[in-house]
Amino acid sequence: MAPRPAAPPRRAKAAAREAAAVSALLAALSATGPAAAQDLFGTGSARPVTDLTGAPLSGAPLPGTSVTQGSGAALAPTAPQLGSAPLGDGTPAQADPATAAPDARVTLPTAGTPDRGGAATVLADNVSLQEDRTLIAAGGVVVWYQGTRLVASRILVDGASGALTIEGPIHLSRPGAAAGAGAGADAGAGPDPEAILIAEAAQLDRELQDGIIRGARMVIARELQLAATEATRSGGGRITQLRNVVASSCQICASDPSPLWEIRARSITHDAETRLIAFERPQLRAFGIPVAAAPFTITAPDPTVSRASGFLRPSIRTTSGLGFGIKVPYFQTLGDHADLTITPYLSLDRTRTLELRYRHAFTNGATEWHGAISRDDLRPGETRGYVFGTARVDLPRDYRLGVQVQAASDRAYLLDYGISDADRLWSGVTLERVRPDKLFWGRAGNYHSLREDEDNATSPAQVADVLWQRRMRPALIGGEALLEWSVHAHRRPSNLRAGADVLIGPLDDYPAGRDVARASVGLDWRRSEILPGGVVAAGLAGLDADIYRILQDDRFDSVVGRLDPMIGAELRWPLATVQAGATHMVEPVLQVLYSPPGRDDEIPNEDSRLIEFDEGNLFSDNRFPGWDARETGLRANLGVTWTRLDPTGWSLGLTGGRVLRARDPDGFSAAAPLAGSASDWLLAAHYDSGTGLAVANRALFGDDLAVSRNELRLGWLRPDLQISAGHLWIDSDEFEGREADTSELAATVGWQIADGWWGTAETRYDFTADRAQRARLQVAYRNECVTLETGISRRFTSSDTVRPETSLDLSVRLGGFGRQEAGPGTVARRSCMR
């Protein structure tokens, strides 16, 4: 079956409809228990996000981010991140380009701070002044000058030159300067604000900047240590050169002075302004054993640098298809607003790949592009590659422009090189503006399917949507009203006419080259009043009008119009009580709606094939995700919600209900939970321990208690354990494209194996096919001076163009060079206890 064009959000009263697939689960993490997603009226009329076939999909954080919400509990893994919200179409999303705010701090001089050349403050047990004006300070000497603090045993200050002869132990630093300096390029002007010098003896000028230091040890950002027989400072404290030096970020114990790793060099020069460290003829040692050396000078950033040109951490990647390979990325800054990363990837003559990433930040936006080009043995003689790009620009009057480009030579390329699991790509532009009472959203672009069972010629390729909404409070009748205008159009590249040139079958099964355009206007109104006894009554009314233009399909008129009015009433009775310190809340709801039978059979159903039924849309006037089909007739939505809030912090919520109709509805398949005069029963439960554990379950079952759909999600977040798991069961339904039952388990577990060791395991298992879809195991070790990451993964996907693959990755990073981000779990530290 060809993919259907996805529907953009259907009126702001259903702004939360996009999240219906996960709204109930998020409620498990709320302190108030289960609650339907809120629309502009404050009612639960949520609708699911849908893909091109109308399938409900859920948004998810970008890879590498934790799935957390509310009190810190975790939910089960959700679907891959969707592209260009608020439209859920199953295409991969590009996150907004990463940018950093410029350093705009202004430092004002502190009152009383002496200017350069002013007097110093000296504290000591004994201070004497000789006849030649030589000052001698002895015993616990502390000198403050221009923000620099010097601690020593004895100091001699020459009366003529002001030079200092210092006897140790010496401690030279600038306390508090690091916080004010920040990470800007000028942070290190003058003496290094992030460095501490410890020495046995020294001779410095009167500024405490330049001079010679013997038996020196330099500590940068409390991370990288450099020990030398002698150090020389020059340039006003900017340049520190150490000779016969050893550098390491590992903790060194007196009983075992050999660190995990160390770098020895003839000299090491640290520039406090550029924050670069130059190693002359360095030698790398592990456990005291030489493992690598370079007969030239190597430059590296110090631990305070978060962005600088140079080689990044190399990684080893071994796959069953490409064999052993190595990636060596090189990062090049292009000013403070742009950068380029070049990553050659070589794999023992199996592949020659060049990966590129370009980022650029503007005053009102940013852009990021990454791609690769390859020649490999998997497809000899072919040039393969991909390009993904995105841009976000803030325009005047609160408008925001988005641009996305996604292209790939083939789906197997994205899988072979570990880029993405995407099987549909979207390229186009979006324009949006969101205000408290107005919403504008527009998008136009092109879809390209990488699935083997989808023909791009007969699939909606060029799709455009425009949506405008305004919320109003009419003074004459009161309540709230929502006015909506929308336009949609999609085109199939094929010129084949459906109905005449293809096999005749059920409507919409053979769309061929059908093209559709639609213009719609909708008006919804709601007014609530509180009746005696605390009953909340509401009146509802709505009117939707559509006009369709249908081309290249002889089974439909070329122009079709439709008008659907709706009227309804709602009664809610919220009750609350406190027993034994626990709060119990119960709310029964009755909603009665009526819409006259419509003309849905005269319109091709392109955007409402898969319908979700959950507590997010239990009290919705229309559960179809798009415009092409609507619920009509006399119907009643019945439900009740119970929530228990325990004073110890845990909460439990239950929601149950069903839909009753005066006649069998149109548009639903016989196997759908909403089919028949009475829908399946909906029962949802949510539990939050308040300490990181969350459990959510939603079930649909008939009067015979036969379960048609069930979804269970569990999350548990602790400092030493992170579990996110879920199981999904759905009965087969040929109308929705499922020829077999769906039974699938997805789980991700992260745990603290030992101090410094963190493990992550992930799996997705298909019980219907009795095989795993993918599995991954990753282990990371971190201590104060090294980070080791390794992992093995297996993808079981198999087709004519995609083969199963196993990959192994390994990377090692030495601490102390460039700023590092914190990871999960603990950091192992060497103990010097005897």
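The questions and answers below cover ring pairs, cores, salt bridges and strand pairing in a predicted model.

Residues are numbered from 1 along each chain as its sequence is written, and side-chain values use heavy atoms, with hydrogens and water left out. Local features need pLDDT of at least 70 and side-chain atom pairs count only at pLDDT 80 or more, while totals for chains, interfaces and linings use all residues.

Reader: How many aromatic pairs does a search of the whole structure find?
Author: Rings of Phe, Tyr and Trp (its six-membered ring) pair if their centres lie within 6.5 Å. Planes under 30 degrees apart count as stacked, over 60 as edge-to-face and the rest as tilted. Searching the whole structure gives a total of 12.

Reader: What kind of aromatic pair do Trp261 and Phe817 form?
Author: The ring centres of Trp261 and Phe817 are 6.1 Å apart. Their planes stand at 35 degrees, and the pair is tilted.

Reader: How many residues apart are Trp261 and Phe817?
Author: Strands (E, at least two residues) are DSSP runs, numbered from the N terminus. Trp261 is in strand 15 (residues 261-271), and Phe817 is in the segment after strand 48 (805-814). The pair links distant parts of the chain, and the separation is 556 residues.

Reader: Is Trp261 buried or exposed?
Author: Buried means under 20% relative accessible area, exposed over 50%, partly exposed in between (1.4 Å probe, protein chains only). The relative accessible area of Trp261 is 4%, so Trp261 is buried. Phe817 has 15%, so Phe817 is also buried.

Reader: Why is the pair of Phe311 and Tyr330 edge-to-face?
Author: The ring centres of Phe311 and Tyr330 are 5.0 Å apart. The pair is edge-to-face because the planes stand at 70 degrees.

Reader: Which strands hold Phe311 and Tyr330?
Author: The pair ties together parts that are 19 residues apart in sequence. Phe311 counts as exposed, at 62% relative accessibility. Tyr330 counts as partly exposed, at 27%. Phe311 lies in strand 20 (residues 310-311), and Tyr330 in strand 23 (residues 330-333).

Reader: Over which ring does the charged end of Arg443 sit?
Author: A charge sits over a ring if NZ of Lys or CZ of Arg is within 6 Å of the ring centre and within 35 degrees of the ring normal. Arg572 lies over the face of Phe619, at 5.4 Å from the ring centre. The charged end of Arg443 is 3.8 Å from the centre of its ring, that of Trp426.

Reader: Which residues touch the most other members of the largest nonpolar core?
Author: A nonpolar core is a set of buried Ala, Val, Leu, Ile, Met, Phe, Trp, Tyr and Cys residues joined through side-chain atoms within 4.5 Å. The largest one has 41 residues. Its members with the most such contacts are Leu150, Ile155, Ile166, Ile213, Leu226, Ile268 and Phe279.

Reader: What is the N to O distance between Glu615 and Arg698?
Author: A salt bridge is a side-chain nitrogen of Lys or Arg within 4 Å of a carboxyl oxygen of Asp or Glu. The whole structure has 47 salt bridges. The side chains of Glu615 and Arg698 meet in one of them, N to O at 3.0 Å.

Reader: Where do Glu615 and Arg698 lie?
Author: The pair ties together parts that are 83 residues apart in sequence. Glu615 counts as buried at 6% relative accessibility, and Arg698 at 7%. Glu615 lies in the loop between strand 37 (582-595) and strand 38 (633-645), and Arg698 in strand 41 (residues 693-701).

Reader: With which residue does Asp339 form a salt bridge?
Author: Asp339 is buried, with a relative accessible area of 3%. The closest N and O atoms of the bridge are 3.0 Å apart. The partner of Asp339 is Arg359.

Reader: How many bridges join strand 24 to strand 25?
Author: Two strands pair if DSSP finds at least two bridges between them. Strand 24 and strand 25 form a hairpin with 4 residues between them. They run antiparallel, and the bridges number 9.

Reader: Which residue in strand 26 stands opposite Arg359?
Author: Strand 25 and strand 26 (residues 365-376) pair in the antiparallel sense over 12 bridges. A hairpin through 2 residues joins them. Opposite Arg359 stands Glu368.
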